[in-house]
Amino acid sequence: MTKDEQRLFKLIDSARIGNGCAPLRRDKRLSEGAGLEAAARAASGRLFVTEPSKATTGGDNLTVTSAFDQLMAKSSATLLDCDLVELGVGHGQATYCATRILICLRPKIRRAWVADFGG
């Protein structure tokens, strides 16, 4: 995992420990899949999903802390589920055009984050 992915992992793990859960185990396979999914979500603009064992978020230039805050706001039931014990975190980004008149006048960076517990 990248430094930002490690930081998001630690934020999620700390929140869970504060909620009475055991520490999470990092799962390399889940992280690899989460990274691929995050890159695809950033490119497509389909950023948000909450499943029983997965949560995603994203936006323009979204920081790790902002991603964590959004994940907690929209998917806290998933993130704080103590029955989920492994986590893979992925981050992806893509440049897209906010204003186009024959050429791209204002390119922006869209970031996506995926927390996959693989449940």
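Student: To begin with the helices, within what distance do the axes of α1 and α3 come, and at what angle do they cross?
Tutor: Bearing in mind that this is a predicted model, the axes of α1 and α3 come within 11 Å and cross at roughly 40°. Angles under 35 degrees would count as roughly parallel and those from 65 to 115 as roughly perpendicular, and α1 and α3 are therefore oblique to each other.

Student: And what is the handedness of the crossing of α1 and α3?
Tutor: The crossing of these two helices, α1 and α3, is right-handed.

Student: Which residues of α1 and α3 meet there?
Tutor: From α1 the contributors are Asp4, Arg7, Leu8, Leu11, Ile12, Ala15 and Arg16, and they meet Val64, Thr65, Phe68, Leu71, Met72, Thr78 and Leu79 of α3.

Student: Switching to the sheet, what is the strand order?
Tutor: The sheet is open and has five strands, which follow the order β1-β4-β7-β3-β2 with mixed pairing. The edges are taken by β1 (25-26) and β2 (49-51), and because each of them has a single partner strand, one side of each is left without a neighbour in the sheet.

Student: Where do the helices pack on that sheet, then?
Tutor: Helix α1, residues 3-18, packs on the sheet by touching β1, β4 (86-97) and β7, and its direction makes about 130° with that of β4. Helix α3, residues 64-79, also packs on the sheet, but its contacts are with β2, β3 and β7, and its direction makes about 150° with that of β3.

Student: How many bridges join β3 to β7?
Tutor: Seven bridges join them, with β3 covering residues 54-60 and β7 covering residues 107-116, and the two strands run antiparallel. Within this pairing, Ala55 stands opposite Ala115 in β7.

Student: Back to α3 for a moment: is Ser75 buried or exposed?
Tutor: Ser75, which lies in helix α3, has a relative accessibility of 3% and so counts as buried. Leaving aside residues up to four places away in sequence, Ser75 touches Val49, Thr50 and Ala55.

Student: How far apart are Ser75 and Thr50 in sequence and in space?
Tutor: They are 25 residues apart in sequence, whereas their C-alpha atoms are 6.2 Å apart in space.

Student: New topic: how many disulfides does the structure hold?
Tutor: It holds two disulfides, and if the bonded cysteines are numbered in sequence order, the pairing reads 1-2, 3-4.

Student: Which parts of the chain does the pair of Cys21 and Cys82 link?
Tutor: In this disulfide the sulfur atoms of Cys21 and Cys82 are 1.9 Å apart, and the pair links distant parts of the chain, since Cys21 is in the loop between α1 and β1 while Cys82 is in the loop between α3 and β4, 61 residues apart. The link of Cys21 and Cys82 is left-handed, with -80° about the S-S bond. As for accessibility, Cys21 counts as buried at 6%, whereas Cys82 is partly exposed, with a relative accessible area of 34%.

Student: And what about the link of Cys97 and Cys104, left-handed or right-handed?
Tutor: The link of Cys97 and Cys104 is right-handed, with 115° about the S-S bond, and the sulfur atoms of this pair are 2.4 Å apart. Cys97 is partly exposed at a relative accessible area of 22%, and Cys104 is likewise partly exposed, at 30%.

Methods. Residues are numbered from 1 along each chain as its sequence is written. This is a predicted model: local features need pLDDT of at least 70, side-chain atom pairs count only at pLDDT 80 or more; totals for chains, interfaces and linings use all residues. Side-chain values use heavy atoms; hydrogens and water are left out. Two strands pair if DSSP finds at least two bridges between them. Helices (H or I, at least four residues) and strands (E, at least two) are DSSP runs, numbered from the N terminus. Contact means heavy atoms within 4.5 Å. Axes are lines fitted to C-alpha atoms, for helices over the stretch in contact, and angles run from 0 to 180 degrees between N-to-C directions. A disulfide is a pair of cysteine sulfur atoms within 2.5 Å. Buried means under 20% relative accessible area, exposed over 50%, partly exposed in between (1.4 Å probe, protein chains only). Angles under 35 degrees count as roughly parallel, over 145 as roughly antiparallel, 65 to 115 as roughly perpendicular and the rest as oblique. A crossing is left-handed if the near helix is turned anticlockwise from the far one by less than a right angle, and right-handed if clockwise.
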